[in-house]
Structures are given as C-alpha cells and as structure tokens.
Amino acid sequence: MAEVLVCRADELKSGSRIITVDNVEIGVFRYKDGFVAYKNLCPHQGGPACEGMIIPRVVAVLDADQAFKRNDFDENEPHFVCPWHGYEYRLATGECVGDSTIRLKRYDTIERDGCVYVRV
Ligand code: FES
C-alpha cells in the first residue's frame with residue numbers, strides 16, 4: 001500500500017479535499033481530532049458524494065407523550081449529502097443514513113509531521 005499526500009493538516013479545516021489517485025477520486029474530510037476518507041463515488045448513480053454539503057444529523061424532538069414537537073440538529077453527528085439526488089452519508093463511517101446496506105469505500109488516513117496522507 002502507498003501513502004499519498006493530501007495536504008497540510010491545517011489546510012483542511014472544514015469541507016472536503018478531493019484528490020485523484022490512479023483515476024480514482026477520494027474525498028478527505030476533517031472529522032473530530034483526525035481525518036476520514038472515502039471514494040468520491042456515490043453507489044446510487046455515481047455522483048460525487050464527497051463534494052456535497054456537510055450538515056448535522058436531523059433529529060426529532062418529542063414531548064413527554066412522545067408526540068413530535070420539532071426537528072433539531074445533532075451537531076455531534078455530521079453527515080454529507082451527495083449533490084446529485086441527496087443520499088446522505090455519515091461522516092464517521094460512510095454509511096448511507098437511509099439504507100445501512102449502502103456504504104462508501106473507506107480509505108485509511110494518516111496524519112504525520114503536520115500533513116495528511118491517504119493509504120491506497
Ligand atoms: S448519485 Fe448520489 S444520490 Fe444519486
């Protein structure tokens with residue numbers, strides 16, 4: 001396996017950085033104290049999933065009788081949304097929120113000497 005330089009760690013504070021390795025696009029995201037990387041290919045119809053918006057998970061807020069009150073955001077669980085048709089993926093795992101059988105291919109990331117690398 002090879003390690004491919006993505007960028008300096010301080011250059012990737014939010015959003016994603018797309019790199020191309022052997023004609024394969026990989027999206028690299030900052031996540032909590034480290035980084036995650038996924039193949040930039042949505043299993044739905046091949047869209048650039050890693051180039052979509054990053055949003056917090058939407059959660060239903062219920063009242064004491066378990067009746068719906070409103071939606072709110074869970075800032076501890078970011079998702080990203082494929083820009084083509086809106087499939088939503090968990091940033092932590094690459095799993096599709098609406099169908100757990102769908103998952104983006106994940107790559108290991110390494111942070112060393114102030115730089116981020118992807119293992120391919
Ligand atoms: S190609 Fe990503 S949601 Fe359709």
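The structure is a predicted model, in which local features need pLDDT of at least 70, side-chain atom pairs count only at pLDDT 80 or more, and totals for chains, interfaces and linings use all residues. Residues are numbered from 1 along each chain as its sequence is written, and side-chain values use heavy atoms, with hydrogens and water left out.

**Stop 1**

Select residues 16–21, strand S2, and residues 24–31, strand S3; six bridges pair them in the antiparallel sense. Strands here are DSSP runs (E, at least two residues), numbered from the N terminus, and two strands pair if DSSP finds at least two bridges between them. Ile18 has Gly27 in S3 as its bridge partner. The hairpin of S2 and S3 has two residues between the strands, and Asp22 there takes a positive phi near 50°.

**Stop 2: the open sheet S5-S6-S7**

Next, display the three strands that form an open sheet in the order S5-S6-S7, with antiparallel pairing. Strand S5 (54–62) and strand S7 (88–90) are the edge strands, each pairing on one side only. From one strand to the next, the twist averages 50°; axes are lines fitted to C-alpha atoms, and angles run from 0 to 180 degrees between N-to-C directions.

Nine bridges pair S5 with strand S6 (residues 68–81).

**Stop 3: His79**

Select His79 in strand S6. Is His79 buried or exposed? His79 counts as buried, at 1% relative accessibility; buried means under 20% relative accessible area, exposed over 50%, and partly exposed in between (1.4 Å probe, protein chains only). Not counting residues up to four places away in sequence, His79 touches several residues, including Met53, Ile55, Tyr89 and Val97, where contact means heavy atoms within 4.5 Å.

**Stop 4: salt bridges**

A salt bridge is a side-chain nitrogen of Lys or Arg within 4 Å of a carboxyl oxygen of Asp or Glu. By this rule there are 10 salt bridges. One of them joins Arg8 and Asp10, with the closest N and O atoms 3.0 Å apart. Arg8 is partly exposed at 43%, and Asp10 is partly exposed at 39%.

Now select Glu77 and Arg90, whose side chains meet in a salt bridge (2.5 Å, N to O). This pair links distant parts of the chain, 13 residues apart, with Glu77 in strand S6 and Arg90 in strand S7. Glu77 is buried at 19%, whereas Arg90 is partly exposed at 23%.

Finally, select Glu95, which forms a salt bridge with Arg90 at 3.3 Å between the closest N and O atoms. Which residues belong to one network of salt bridges that share partners? Arg57, Asp74, Glu77, Arg90, Glu95 and Arg103 are joined in this way.

Key: Helices (H or I, at least four residues) and strands (E, at least two) are DSSP runs, numbered from the N terminus.
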